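Try each task first, then follow the solution step by step.

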Amino acid sequence: MNLSDRRSYGGAPRNLSAMEVVLRDLRSAIERGDLAVGGKLPSESELTSFYGYSRSVVREALRALEALGLTVTRRGRGTFVTSNRTVENPTFGAYSARDLLEVRRHVEIPVAAYAAVRRTPEDVDCLESLLNRMERETDTIAWVAMDTLFHIGIAEVAVNPVFRRVIEEISDALAKQSTFLTWFGDRRAQSNREHRAIVEAIIDGSEDAATQAMACHLEQVERHLTTIVRNSRTDQHPKGG
């Protein structure tokens with residue numbers, strides 16, 4: 001792609017973040033064939049200069065393209081187009097969305113139940129403090145970091161180092177998935193409410209309520225991921241015409 005032959009949006013529309021503007025433009029170029037499969041994207045510095053946004057904004061847009069299955073970034077070589085059609089099963093770091101959901105259902109649901117039985121007053125204070133900070137936080141990056149800590153924290157309350165180790169192993173992928181859902185699904189406020197329900201069940205010491213609250217949270221994650229991917233693929237191939 002020759003950047004000189006293309007126009008940027010000239011600033012993000014009110015309803016789009018800077019990252020979404022860059023992502024939408026690059027994704028459209030890939031889908032139209034302006035950026036051909038097998039071709040290499042301009043470097044981060046070139047894209048930063050072209051769009052007029054920070055390098056971190058461009059980097060997040062490139063990560064989103066990779067999660068959608070449109071590109072792959074090879075260390076030291078750059079980012080290459082691998083497909084002009086988004087995948088049905090996005091990848092976050094080393095793991096796919098489907099793999100993460102399968103593991104989370106088998107790990108985090110029983111973890112929540114154990115936490116409800118084993119929590120201490122100190123545990124409750126820590127979880128509530130973290131949740132209160134999340135509910136006040138407006139920065140997506142900071143919120144995602146706390147989201148990951150929240151799920152690790154519940155494993156700590158369950159007092160089982162194996163559970164914690166499993167969640168820590170997938171924490172980077174969870175953070176990428178959480179960021180993805182926040183970008184495309186505006187999940188932050190709803191996720192805060194789901195987290196609040198989990199914490200309240202743990203405070204009450206109810207295994208059943210904690211199990212149900214965590215299961216509901218994971219169901220919503222899956223539903224939003226499915227909706228985002230379905231809408232993305234529909235946008236590529238609209239009906240009618």
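This is a predicted model: local features need pLDDT of at least 70, side-chain atom pairs count only at pLDDT 80 or more; totals for chains, interfaces and linings use all residues.

**Exercise 1. Find how many salt bridges the whole structure holds, then examine the pair arginine 55 and glutamate 44.**

Step 1. Searching the whole structure gives 12 salt bridges.

Step 2. In one of them, arginine 55 pairs with glutamate 44, with 3.4 Å between the closest N and O atoms. This pair links distant parts of the chain: arginine 55 belongs to helix α3 (residues 55-67) and glutamate 44 to helix α2 (residues 44-51), 11 residues apart.

Step 3. Both partners are partly exposed: arginine 55 has a relative accessible area of 39%, and glutamate 44 has one of 22%. Buried would need a value under 20%, so glutamate 44, at 22%, counts as partly exposed.

**Exercise 2. Describe the salt bridge between arginine 63 and glutamate 60.**

Step 1. The closest N and O atoms of arginine 63 and glutamate 60 are 2.6 Å apart.

Step 2. These two residues are three places apart in helix α3, so about one helical turn lies between them.

Step 3. Arginine 63 has 44% relative accessibility and is therefore classed as partly exposed.

**Exercise 3. Is helix α8 mostly covered or mostly open, and which of its residues are buried?**

Step 1. Begin with the length. The 15 residues of α8 reach 20 Å from the first C-alpha to the last, close to the 21 Å expected at 1.5 Å a residue.

Step 2. Count the buried residues: there are 11 among the 15, so α8 is mostly covered. Among them are Ala173, Leu174, Phe180, Leu181 and Trp183.

Step 3. Take glutamine 177, also in helix α8. Its relative accessible area is 2%, so glutamine 177 is buried. Beyond its neighbours within four places in sequence, glutamine 177 contacts Phe92, Ala97, Leu100, Arg104, Val221 and Leu225.

Step 4. Finish at the end of the helix: aspartate 186 follows α8 and has a positive phi, near 50°.

**Exercise 4. Carry out a similar check on α9, then look at histidine 195.**

Step 1. The end C-alpha atoms of α9 are 24 Å apart, which agrees with the 24 Å that its 17 residues should span at 1.5 Å a residue.

Step 2. Buried residues of α9 include Ser191, Asn192, Glu194, Ile198 and Val199.

Step 3. Histidine 195 lies in this helix, which runs over residues 188-204. Its relative accessibility is 0%, so histidine 195 counts as buried. Leaving out residues up to four places away in sequence, histidine 195 touches Leu131, Met134, Asp147, Phe150, His151 and His217.

Step 4. Just after α9, glycine 205 has a positive phi of about 75°.

**Exercise 5. Which residues have the most contacts inside the largest nonpolar core?**

Step 1. The largest nonpolar core has 67 residues, and Leu26, Leu65, Phe92, Ile154 and Leu225 have the most contacts inside it. Helix α4 (residues 97-118) contributes the largest share of this core, nine residues.

**Exercise 6. What lines the largest pocket, and which residues lie nearest its centre?**

Step 1. The largest pocket holds about 930 Å³ of space.

Step 2. Its lining has 34 residues, with Arg59, Glu60, Arg63, Thr179 and Trp183 nearest the centre.

Step 3. At least two lining residues come from each of α3, β2 (78-81), β3 (91-92), α6 (140-157) and α8.

Key
Residues are numbered from 1 along each chain as its sequence is written. Side-chain values use heavy atoms; hydrogens and water are left out. A salt bridge is a side-chain nitrogen of Lys or Arg within 4 Å of a carboxyl oxygen of Asp or Glu. Helices (H or I, at least four residues) and strands (E, at least two) are DSSP runs, numbered from the N terminus. Buried means under 20% relative accessible area, exposed over 50%, partly exposed in between (1.4 Å probe, protein chains only). The expected span of a helix is 1.5 Å times one less than its number of residues. A nonpolar core is a set of buried Ala, Val, Leu, Ile, Met, Phe, Trp, Tyr and Cys residues joined through side-chain atoms within 4.5 Å. Contact means heavy atoms within 4.5 Å. On a 1 Å grid over the protein atoms alone, a cavity is a set of points where a 1.4 Å probe fits but cannot get out, and a pocket is an open set with protein on both sides within 12 Å along at least five of seven lines; lining residues have an atom within 4 Å of a point. Grid points are joined across faces, edges and corners, and a volume is the space filled by probe spheres set on the points.
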